[in-house]
Amino acid sequence: MSLTGKRVLFTAVAVALIAILVVVFYPRDKGETAKFTTKESKFEVNVPEDWKAVEQPRVAATADREATPDEGVELRLKGSEQNKVYVFNQYSTLSPPEETLEKEAFTTAQGIKGTLYKDAANHTWQLILDQSIAPGFYGATVRFEDADLFEKNQDTFRDILKSIKIFKP
């Protein structure tokens with residue numbers, strides 16, 4: 001085989017190996033991405049398989065009630081919809097919960113830092129993000145009524161929260 005033929009064969013084998021590695025190891029996004037956009041908010045979050053996204057728009061004030069300060073996307077575990085993760089933008093200040101909760105520094109895949117508060121006894125987490133990308137305060141809450149499902153899905157909660165991306169509206 002000539003030197004040119006060996007180079008062509010080597011290149012073809014290298015390209016084939018790279019293609020195989022990409023197919024085998026390339027991270028796949030299981031599920032879909034929920035994109036939430038209003039004139040005040042713009043963010044997206046990954047929705048795992050077996051979960052569904054339900055938009056929760058801001059509710060305007062009426063003569064009988066005050067306006068809601070938040071809007072976002074509720075991710076509900078299919079078949080167990082009282083168990084959910086709510087990702088939101090809020091126009092009033094987000095206050096840290098009780099001092100007694102477990103507190104952890106948290107960073108999204110986009111690089112947004114925040115604080116994650118965990119309340120294992122009540123099957124809840126609260127994430128408050130420190131960001132200056134867009135107006136308002138962004139965060140998320142995890143609320144599960146079922147203790148077993150709460151324990152079983154903690155890696156999924158972390159993946160959901162890490163996937164939050166905030167954009168300027």
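Predicted model: local features only at pLDDT ≥ 70, side-chain atom pairs only at ≥ 80, totals over all residues.
Residues are numbered from 1 along each chain as its sequence is written, and side-chain values use heavy atoms, with hydrogens and water left out.

Let's start with the strands. Helices (H or I, at least four residues) and strands (E, at least two) are DSSP runs numbered from the N terminus, and two strands pair if DSSP finds at least two bridges between them. Strand E1 (residues 32-37) pairs with strand E2 (residues 42-47) in the antiparallel sense, over six bridges. A hairpin of four residues joins E1 to E2, and Glu-32 has Val-47 in E2 as its bridge partner. E2 also pairs with strand E10 (residues 165-166), again antiparallel, over two bridges; here Phe-43 stands opposite Ile-166.

Then there's an open sheet of seven strands, antiparallel, in the order E3-E4-E5-E9-E8-E7-E6. Its edge strands, E3 (51-56) and E6 (102-107), each pair on one side only. E3 is joined to strand E4 (residues 70-77) by six bridges, with Trp-51 opposite Leu-77.

Now for helix H3 (residues 154-162). Phe-157, Ile-160 and Leu-161 are buried there, where buried means under 20% relative accessible area, exposed over 50% and partly exposed in between (1.4 Å probe, protein chains only). These three sit on the same side of H3 because they cover an arc of only 95° around the axis, taken from the directions from the helix axis to the C-beta atoms. Asp-155 and Asp-159 are exposed, on the face turned away from the buried side of H3.

Which residues are linked in a network of salt bridges? They are Glu-74, Arg-76 and Lys-84. A salt bridge is a side-chain nitrogen of Lys or Arg within 4 Å of a carboxyl oxygen of Asp or Glu, and the count comes to six. Among them are these:

| Pair | N to O distance |
|---|---|
| Lys-52 and Glu-81 | 3.1 Å |
| Arg-76 and Glu-74 | 2.6 Å |
| Glu-74 and Lys-84 | 3.9 Å |

Glu-74 in E4 and Lys-84 in strand E5 are 10 residues apart. Glu-74 is buried at 12% relative accessible area, whereas Lys-84 is partly exposed at 25%.
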